[in-house]
Amino acid sequence: MASPKPLSVLVVGAGFGGLSTAIECANRGMQVTVIEKYPDSNSQGDILDIFPNAGRIIKAWDGGKVGQEIHDTGCDKIRSMEVHKYDGKYVTEVDWARDEFEHDITYAGHRGKLHSIIMAYAKRLVPDIRIGVGVTKYLENEEQAGIVLSTGETLWADCVIAADGPRSVAREQVLGLINEDETNTDSKWAVFRSFFKTDEASRELLRANGLLYPDRDLVRFWMFDNLSMMAFVWNDGADVAWDDKASEEGWSNSNIASREHLAKWMEPFTGKDARAIYNVTPVGKTIDFKLVYRPAIDKWTSKGGRTILIGDAAHANLPTAGQGASQALEDSVTLAHCLEVCGGDVKLALEATQRIRYHRSNAVHKSGQVNRDAFYKTPWEVIEADAHTFAKRRWPKLKPWDPLQFAKEQFPKIAEDIKNGVTGSLDEVAIPPPEGGYWP
Ligand SMILES: Cc1cc2nc3c(=O)[nH]c(=O)nc-3n(C[C@H](O)[C@H](O)[C@H](O)COP(=O)(O)OP(=O)(O)OC[C@H]3O[C@@H](n4cnc5c(N)ncnc54)[C@H](O)[C@@H]3O)c2cc1C
């Protein structure tokens, strides 16, 4: 008997969500095509963290080789996150990972580098990755979902996965969501992001200011009212990345920040360590991002059921959640598993995916706001009285989660619900959070 035809999957966007979906689907024998608008969108950014809830997905790729490559180049000798006051005074530190295993599945590094490693692996599995071609229109009929490309070509497949980021076209075209209200979409946050290579003189300055350890990498966080700064120093000081996050600002998108503009936002950080980071930063190496925020949505799939939004397109978190890439990866492995076990019923797979992911994703989305408020609205006396409890509250433990295991456990029940016609709002029909919530 001939084996059934593999499912065909069109992925829109080659960010972390799109690439991970492509990899997970290709590894399950599906026929995948990826469309990415920007010819080189991915050299940008500073540091990107992937925590164990998603790092375990990467660890499984190519027998661990992809993860190892990220460790080899990335920031993987971190012991703790050091929390300092804006004037440089040490406040507390929080373990980066709980044990060796968690450490092994926690990744950090330059976003562009991590992306290029994952892209290289995706290209080995998926021959059809088209870069520099945008999707302009989403289509759907009873049997197929399709996309129209900026070249005018139309592609059809069993399903379309829109992983097109926070400025998603699919949000409007597929879900009919129009973000007319700017207050809804402006995060009121901006971030200066910087990544650069150092020379020996800069490394000497870092060393002299306690920022370069002989045996490990550094993650340091400085807090000020409505402003925070975070720096990573790794590869024996050869690589430095930092960002400076401010609330209640509305800067332009993705511009090189001028030294004068930057100086204003660095003023509160008077400690010699934060000043040293600023002083070694080459002119022209700091980008000024306006962060786009999207409220959580209550439906991820199209009316016809063959198109789904994932990643930042479905849930653009605040950076204080620290889970942008990790949540996109959780979506991808859930989706790929549902497609693998749906018996060819793609609509069932997409519906199951949103029911499995909805509450956890919303909880993470909310944690971005809770963290921001805990951080920006907590008086210094409270922080200094019990700094460690404060720091632990700010970084809740999402980490022990295994999204693939969760999808495997939940799919049979949720598929049964769908087949039995259990309907209602996504809030009602989705898998509820585990007892005690997501972070013990
Ligand atoms: C340039 C850039 C820099 C970033 N820097 C950082 C950082 O330093 N630290 C951090 O934690 N997070 C950073 N992020 C965010 C982080 O990468 C995402 O939150 C996370 O990886 C979620 O990934 P995603 O795939 O859902 O979305 P994204 O990473 O935003 O990927 C979406 C992709 O879809 C593509 N796309 C959009 N519209 C279309 C279309 N119509 N047709 C085809 N393709 C389309 C985009 O070009 C993009 O590559 C950055 C994101 C970007 C795009």
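Figure 1. Buried here means under 20% relative accessible area, exposed means over 50%, and partly exposed lies in between (1.4 Å probe, protein chains only). The model is predicted: local features need pLDDT of at least 70, side-chain atom pairs count only at pLDDT 80 or more, and totals for chains, interfaces and linings use all residues. Residues are numbered from 1 along each chain as its sequence is written, and side-chain values use heavy atoms, with hydrogens and water left out. Both faces of β9 are covered. Ala-145, Ile-147 and Leu-149 are buried on one side. Gly-146 and Val-148 are buried on the other. In a regular strand the side chains alternate between the two faces of the sheet.

**Figure 2. The open sheet β8-β9-β10.** Three strands make up this open sheet, in the order β8-β9-β10, and their pairing is antiparallel. The edge strands are β8 (135-140) and β10 (154-157), each of which pairs on one side only. From one strand to the next, the twist averages 20°. Strands (E, at least two residues) and helices (H or I, at least four residues) are DSSP runs, numbered from the N terminus. Two strands pair if DSSP finds at least two bridges between them. Strands of a sheet pair through backbone hydrogen bonds, either parallel or antiparallel.

**Figure 3. Bridges and hairpins around β9.** Five bridges join β8 to β9, and these two strands run antiparallel. Lys-137 stands opposite Val-148 in β9. The hairpin from β8 to β9 passes through four residues. On to β10: four bridges join β9 (residues 145-149) to β10, again with an antiparallel run. Gly-146 has Trp-156 in β10 as its bridge partner. Ala-145 has Ala-157 in β10 as its bridge partner. β9 and β10 also form a hairpin, with four residues between them. Gly-152 in that turn has a positive phi of about 95°.

**Figure 4. Packing of helix α1 on helix α11.** Helix α1 (residues 16-26) and helix α11 (residues 324-341) pack at an angle of about 30°, with their axes 8 Å apart. That makes α1 roughly parallel to α11. Axes are lines fitted to C-alpha atoms, for helices over the stretch in contact, and angles run from 0 to 180 degrees between N-to-C directions. Angles under 35 degrees count as roughly parallel, over 145 as roughly antiparallel, 65 to 115 as roughly perpendicular and the rest as oblique. The crossing of α1 and α11 is right-handed. A crossing is right-handed if the near helix is turned clockwise from the far one by less than a right angle, and left-handed if anticlockwise. From α1, the residues in the contact are Phe-16, Gly-17, Ser-20, Thr-21, Glu-24 and Cys-25. They meet Ala-325, Ala-328, Leu-329, Ser-332, Val-333, Leu-335, Ala-336 and Leu-339 in α11. By class, nine residues of this contact are nonpolar, four polar and one charged. Ala, Val, Leu, Ile, Met, Phe, Trp, Tyr, Cys and Pro count as nonpolar, Asp, Glu, Lys and Arg as charged, and the others, Gly among them, as polar.

**Figure 5. The setting of Leu-339.** Leu-339 lies in helix α11. This residue is buried, with a relative accessible area of 2%. Its contacts (heavy atoms within 4.5 Å), leaving aside neighbours within four places in sequence, are Leu-7, Val-9, Cys-25, Met-30, Cys-159, Val-346, Ala-349 and Leu-350. Leu-339 and Met-30 are 309 residues apart in sequence. In space they are 9.0 Å apart, C-alpha to C-alpha.

**Figure 6. Packing of helix α3 on helix α5.** Helix α3 (residues 65-73) packs with helix α5 (residues 111-125) at an angle of about 155°, with their axes 10 Å apart. That makes α3 roughly antiparallel to α5. The crossing of α3 and α5 is right-handed. Val-66, Glu-69, Ile-70 and Thr-73 come from α3. Lys-113, Leu-114, Ile-117, Ile-118 and Tyr-121 meet them from α5. This contact has six nonpolar, one polar and two charged residues.

**Figure 7. Two loop residues with positive phi.** Asp-62 sits in the loop between α2 (52-59) and α3. Its phi is near 50°, a positive value in a residue other than glycine. Asp-62 is partly exposed, with a relative accessible area of 26%. Asn-235 sits in the loop between β14 (227-234) and β15 (239-247). Phi of Asn-235 is near 55°, a positive value in a residue other than glycine. Asn-235 counts as partly exposed, at 31% relative accessibility.
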